[in-house]
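Thanks for coming. Please look at the sequence and the structure first.

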Amino acid sequence: MIISKPFKTINMNKNTPLNNGMQPGLQTEVAIIGAGTSGLYSAFRLTDTGKYAGGQVQIFDMSERLGGRLESVILPGMNFWGELGGMRYLTSQEIVTTLIEGYPLTEKDPAKRTPVLNDHMTPIPFPMGNPADLLFYLRKEHFKQDAWNVAQQNGEKLVTRYYLNDDDIGFSSDQLFNKIIYDVLMADPWFARNYSDRVTKGPTEYDYGFKLTSEDWDEVKPNLVYHFPGSPYDGRKVNDLGFWNLIKDQVSEEGYQFVANAGGYYSNTINWNAAEAFPYMVGDFSADVTYKTIEEGYDSIAYALANQYMGIPGACIWSENKLLTFSKGHELRDTFRYELTFLNIPANQIWHVYANHIILGMPRKSLELLDQQNFFFNSNENTVLDRNIRSVIMEPAFKILMGFREPWWKKLGIDSGHSITDLPMRQCYYFGTDPENDNSMLLGSYGDMETETFWKALSDDTVLFKVSAAESASLVELKALEREQATQLMVNEIMAQLREVHQIEIPEPYVTYFRDWSDDPFGAGYHAWKAGVAVWDVMPYMRKPDADENIYVVGEAYSDQQGWVEGAFCEAEKMLKSHFHLTRPIWLSDSYYMGW
């Protein structure tokens, strides 16, 4: 029986003490590389269970902050958070939801749940806005986002400037994704025989439903065959096909351009593993998904984990310390298996740490930046690891937050959510307004994939945007953000695109905040499995690539929930269970499936 207690009311502490010094000769049992969500979660679990003392688990990160690709910021003159990195979670994602909201999740009254972490986080809906107000701007044509549904309700088919196949005209991009996936699934006799009761079609030609569980999908993905006689891909496993290849084959290249543009994310429709794309598209981007975020900023989840770990005596997060390599042939090898070599960035000095386990909470690019000639990575000796590291596509992404002196989008009746365009800005999110002064925040561009080169030429310019005064935004605060500004050229281009999308006068911003996640050490905003990869083999392999070594790789990149914090948590949890023999935490339901 679980005795529930209400959340403690604690202000979110984002002043987690970080140690940017060094302690040459430091000895520990577990060295965790990366203070992102997978590294912090691993440290929390290893110490919270009492398996290790704080001094036996140490975290190292080359950055001066923690959170990895989570970064929440407050722009001067505003009293709410904007997101430069990950910004929301799905309520179906049980680990992240429970860490934020408490347990059991079956208890609908949050006040009766038991918190897992001491720091209180306030879950709030992630507002997606009203489709009747939000905009599409595609091929120089303006639509409201509900235009397809409105036409369908009137018995009409919305005709756009895309030359779609006759059978596809009138479908929204989301509906066309569902149609493609349904048709491919039901064309396979094996799937139809075993799972046809879990997919539905109707009552109208636009309606499709998918009731497959994560376990179902993990059975389907390795087995699904593409059955379309006359197609170049007939008889091939869907797992071996690229998603672009498959979409084009189903709805033509013009149909592909439509779903790629109108979907908002090019990363969804690049030529990644089609079998992995199916559950991703119907699970994460379908109409009935519930998104939430954290009122104190989404990176609060990282700080809450860090604070929990730092509450253990001896715990330490060594910031601004860059791992260069690790080796086995050292003088303390009888007691400690590995010698890790770090560069302390502030002192520009090399120092060594000794450990028996190494957890690499790092994405692909970060792994590739480590010494590739050491015993672990050497591609001549370990071709399997080299191939598996490269089994994911690095998906570039950048974001630019913009602060305005007024919520100009409200002139169009827009309150929240996002508008979508095929212009290089791709999407803009209306993040909110400070009620005290009307200062408002917009995610001015959410560029990814092929738009990156468009913006890279502008972001590399030398003249940065000049901040200017706004109510409640002191010049001291604004000047402190000078090095985070987008370039003036980039701001000029984004403003031109915003005006083209919205067709109204838009005032200039007073401040910006720019982050390009393709820069080192991250190399990408998120990742996607390549076509032909046996994901069911690579995921458990990456958690412990060498059976003879105590070296583990965790994180979003090699998960089946790429681009989500939950993917990082699940990989860490499965690694800890298999290789550190931790039992499933009491706060996580026995029935929750975490994938391969």
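In which helix does Ser-252 lie? Ser-252 lies in helix α7, and its phi is near 80°, a positive value in a residue other than glycine. Helices here are DSSP runs of H or I with at least four residues, strands are runs of E with at least two, and both are numbered from the N terminus.

Before going on, the ground rules. This is a predicted model, in which local features need pLDDT of at least 70 and side-chain atom pairs count only at pLDDT 80 or more, while totals for chains, interfaces and linings use all residues. Residues are numbered from 1 along each chain as its sequence is written, and side-chain values use heavy atoms, with hydrogens and water left out.

Back to backbone geometry. Most residues other than glycine have a negative phi, and most peptide bonds are trans. Ser-472 is not a glycine, yet has a positive phi of about 65°. Ser-472 sits in the loop between α12 (452-459) and α13 (475-480). Ser-472 counts as exposed because its relative accessibility is 53%; the cut-offs are under 20% relative accessible area for buried, over 50% for exposed, and partly exposed in between, with a 1.4 Å probe and protein chains only.

Two cis peptide bonds are on my list. One runs from Tyr-103 to Pro-104, with omega near -5°, and Pro-104 is in the loop between α2 (94-101) and β7 (123-125). Another runs from Asp-520 to Pro-521, with omega near 10°; Pro-521 is in the loop between β23 (511-516) and β24 (526-529).

Next, the nonpolar cores. A core is a set of buried Ala, Val, Leu, Ile, Met, Phe, Trp, Tyr and Cys residues joined through side-chain atoms within 4.5 Å. The largest has 76 residues, and those touching the most other members are Leu-185, Phe-210, Val-238, Phe-243, Leu-246, Phe-278 and Leu-401. Helix α7 (residues 243-262) gives the most to this core, nine residues. Apart from it lies another core, of 48 residues, among them Val-96 and Met-594.

Now Arg-69, in the loop between β3 (57-60) and β4 (72-73). Why does Arg-69 count as buried? Because its relative accessible area is 18%. Its contacts, meaning heavy atoms within 4.5 Å, include Pro-363, Trp-517, Phe-522 and Tyr-526, leaving aside neighbours within four places in sequence. A polar contact of 2.9 Å joins the side chains of Arg-69 and Glu-556. The term covers a pair of N or O atoms within 3.5 Å; within protein, one must be able to donate a hydrogen and the other to accept it, and residues adjacent in sequence count only if both atoms are side-chain atoms. A polar atom of the Arg-69 side chain also lies 3.1 Å from the backbone oxygen of Gly-525.

Last, helix α1 (residues 37-48). Just after α1, Gly-50 takes a positive phi of about 85°.
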